[in-house]
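Biologist: I have a model on screen and want to learn how to read it. Can you take me through it step by step?

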Amino acid sequence: MRPEPDCRLCRLCENRTNIVLPSGNLSSQVVFVGEAPGENEDLSGKPFVGKSGKILNAIMEEEGIDRSAVMITNTVKCRPPNNRDPTKEEMGACRPFLDREMSGRKVIVGLGKSACRDLLGYEGKMADIVNTEMSINVLGKDVLFIPTYHPAACIYSRESRDALRTTMRILRDGYLE
Ligand code: URA
């Protein structure tokens, strides 16, 4: 189940160029959930192809994970104007698609605050939960959830980058063969 090409379930449809659907290994046991498409993603129709994507690629590569081994998606599939955070209503409208994307996987990785707000209802500091293994209910089944930093948060923060590398190591050693 994916959005119709002319999806109008929320007002993000008003400014989008392309709906950004998941990429990578679509049947991977590991799913990364980012925030929302940015300008490059809106233009290309692919998630994490801009600056954040380059940081994500570099950190994955440093830990020996091929990006094509995981599935990558976002809380919302259309770009919010001026890259503002997606609202609860927008994330709610897109949630049925995200639920289908996450269903039946081994581990969901929440990249940053919006993913954790959407999937955990968490409004606190990322530092308090980063890399703590939790569980979320996806369509009636518990699935392991690992909160971590968004790649954009790693640009100016060594600690965030190290924490995101730790996330990759957890995945490499425990969940990817
Ligand atoms: N940031 C995100 O959260 N998702 C993307 O697809 C690109 C940038």
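Biologist: What should I know before I start?

Modeller: This is a predicted model, where local features need pLDDT of at least 70, side-chain atom pairs count only at pLDDT 80 or more, and totals for chains, interfaces and linings use all residues. Residues are numbered from 1 along each chain as its sequence is written, and side-chain values use heavy atoms, with hydrogens and water left out.

Biologist: Which residues surround the ligand?

Modeller: Start with the rule. A residue is near a molecule if one of its heavy atoms lies within 4 Å of it. Here the ligand is surrounded by G34, E35, A36, E41, P47, F48, S52, N74 and H150.

Biologist: How many of them fall into each class?

Modeller: Ala, Val, Leu, Ile, Met, Phe, Trp, Tyr, Cys and Pro count as nonpolar; Asp, Glu, Lys and Arg count as charged; the others, Gly among them, are polar. The shell around the ligand has three nonpolar, four polar and two charged residues.

Biologist: Which atoms pair up between ligand and protein?

Modeller: Look for polar contacts. A polar contact is a pair of N or O atoms within 3.5 Å; within protein, one must be able to donate a hydrogen and the other to accept it, and residues adjacent in sequence count only if both atoms are side-chain atoms. In this model, a side-chain N or O atom of N74 lies 2.8 Å from a nitrogen atom of the ligand. For A36, a backbone N or O atom is 3.1 Å from a ligand nitrogen atom. The side chain of H150 has an N or O atom 2.8 Å from an oxygen atom of the ligand.

Biologist: How much of the ligand does the protein cover?

Modeller: Accessible areas come from the Shrake-Rupley method with a 1.4 Å probe; for residues, only the protein chains shown count as cover. On its own, the ligand has 240 Å² of accessible area, and the protein covers 93% of that.

Biologist: Now single residues. Is S160 buried or exposed?

Modeller: Buried means under 20% relative accessible area, exposed over 50%, and partly exposed in between (1.4 Å probe, protein chains only). S160 counts as buried because its relative accessibility is 8%. Its place is in helix α5, residues 158-174. Helices (H or I, at least four residues) and strands (E, at least two) are DSSP runs, numbered from the N terminus. The side chain of S160 also makes a polar contact with the side chain of S157, at 2.9 Å.

Biologist: Where do P3 and R8 sit?

Modeller: P3 lies in the segment before β1. R8 is found in the segment before β1 (23-24) too. P3 is buried, with a relative accessible area of 9%, whereas R8 is exposed at 63%.

Biologist: Which loop holds G140?

Modeller: G140 is in the loop between β5 (134-138) and β6 (141-148). G140 counts as exposed because its relative accessibility is 62%. L139 is found in the loop between β5 and β6 as well. Phi of L139 is near 50 degrees, a positive value in a residue other than glycine.

Biologist: What is phi of N82?

Modeller: Phi of N82 is near 55 degrees, a positive value, and the residue is not glycine. N82 lies in the loop between β3 (71-74) and α3 (88-102). N82 is exposed, at 73% relative accessibility.
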